[in-house]
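Biologist: Could we go through this model together, starting with any enclosed space and then the strands and rings?

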Amino acid sequence: MKSKAERLKGTTSPKINVDESLAHRLPPGQVLTEKFPILHEGEVPEYDMSMWDLRVYGAVEEEVSFSYENLLQFPMTNTVSDIHCVTRWSKFDTAWEGIRFTDFMKHFKIKPEAKYVMIHADQDYETNLPIEALLRDDVLLAFKYDGKDLTPKHGWPLRLVVPEFYFWKSAKWIRGFEFMTEDRHGFWERNGFHNTADPFQEQRFSDEELPIPEDEWMKKEFD
């Protein structure tokens with residue numbers, strides 16, 4: 001059986017189905033949808049929120065953890081952004097509410113030698129980014145989507161939103177940020193997907209061809 005990376009490499013790039021005035025917002029090989037496909041690895045986690053926390057550790061001056069109630073006291077920001085999935089769907093004008101990552105960073109001190117972050121999430125998921133990728137104004141620790149609390153299938157109680165990259169970098173169910181002095185691959189980056197993941201450069205795949213479970217977006221649930 002072909003891996004997910006192999007199957008996606010073999011697909012024909014779909015025809016752009018977007019008004020000409022908006023075409024510049026749709027990366028190559030993507031299909032625009034008004035739905036919100038649900039894709040993730042493993043089961044949707046269930047939580048006892050009295051036990052939930054978000055850890056910050058690694059190349060920081062002092063490890064710190066935040067309860068959900070702690071985070072709800074932080075300043076909140078609303079953003080609207082386009083999102084793009086490596087499985088070839090894009091969704092324009094998605095509305096999020098949460099803590100801007102640059103505001104979150106005010107609550108701990110990163111060591112000067114830290115250059116990368118591993119985002120840790122349930123269920124045993126992780127994905128990596130350079131620190132500078134998290135400094136854009138549209139990067140959020142998101143609690144809400146489209147004016148409502150996140151649903152469990154879309155990452156409740158907390159997900160990361162990094163619109164600049166393919167959406168596997170926007171981890172659901174985040175539980176920790178590990179600051180690192182050297183880069184390290186996360187789950188999909190170890191399994192045939194590109195380490196950078198820029199949609200407009202079509203950075204979908206690495207040279208690796210490891211097996212990846214079936215989850216084509218058109219066969220999945222939608223919101």
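Predicted model: local features only at pLDDT ≥ 70, side-chain atom pairs only at ≥ 80, totals over all residues.

Biologist: How many cavities of 30 Å³ or more does a search of the whole structure find?

Modeller: The search returns 1 cavity at that cut-off.

Biologist: And which residues are closest to the centre of the largest cavity?

Modeller: Leu39, His40, Phe167, Trp168 and Lys172 are the closest to its centre, out of 25 residues that line it, where lining means having an atom within 4 Å of a point.

Biologist: Switching to strands, what does β2 pair with?

Modeller: Strand β2 (residues 54-58) runs antiparallel to strand β3 (residues 64-66), joined to it by 3 bridges, and a hairpin of 5 residues links β2 to β3. With strand β11 (residues 174-180), β2 pairs in the parallel sense over 4 bridges. Strands here are DSSP runs of E with at least two residues, and two of them pair if DSSP finds at least two bridges between them.

Biologist: Where does Arg55 come into that?

Modeller: Arg55 has Ser65 as its bridge partner in β3 and stands opposite Gly176 in β11. The charged end of Arg55 also sits over the ring of Tyr57, 3.9 Å from its centre, by the rule that CZ of Arg lies within 6 Å of the ring centre and within 35 degrees of the ring normal.

Biologist: Since rings came up, how many aromatic pairs does the structure hold?

Modeller: The structure holds 22 aromatic pairs, counted when ring centres lie within 6.5 Å, with planes under 30 degrees apart called stacked, over 60 edge-to-face and the rest tilted. Phe101 and Phe177 form an edge-to-face pair, at 5.2 Å centre to centre and 65° between the planes. Because Phe101 lies in helix α3 (residues 101-104) and Phe177 in strand β11, that pair ties together parts 76 residues apart in sequence.

Biologist: Are those two buried or exposed?

Modeller: Phe101 is buried, at a relative accessible area of 0%, and Phe177 is buried with 0% as well, buried meaning under 20%. The rings of Phe108 and Phe179 have centres 5.6 Å apart and planes at 55°, so they make a tilted pair. Phe108 belongs to the loop between α3 and β6 (116-121) and Phe179 to strand β11, so this pair connects parts that are 71 residues apart in sequence. Both Phe108 and Phe179 are buried.

Biologist: Which residues form the aromatic cluster with them?

Modeller: One aromatic cluster is formed by Phe66, Phe74, Phe101, Phe104, Phe108, Phe177 and Phe179.

Biologist: Last topic: how do β6 and β7 pair?

Modeller: They pair in the antiparallel sense over 6 bridges, with Ile119 opposite Thr127 in β7. The two form a hairpin with 3 residues between them, and Asp124 in the turn has a positive phi of about 50°. Strand β7 (residues 125-130) is mostly covered, with 5 of its 6 residues buried.

Technical notes:
Residues numbered from 1 in each chain as written. Heavy atoms only, no water. Phe/Tyr/Trp six-rings, centres within 6.5 Å; stacked < 30°, edge-to-face > 60°. Buried < 20%, exposed > 50% of the residue type's maximum accessible area, 1.4 Å probe, protein only. 1 Å grid on protein atoms, 1.4 Å probe; cavity = no way out; pocket = protein on both sides within 12 Å on 5 of 7 lines; lining within 4 Å. Points joined across faces, edges and corners; volume = space filled by probe spheres on them.
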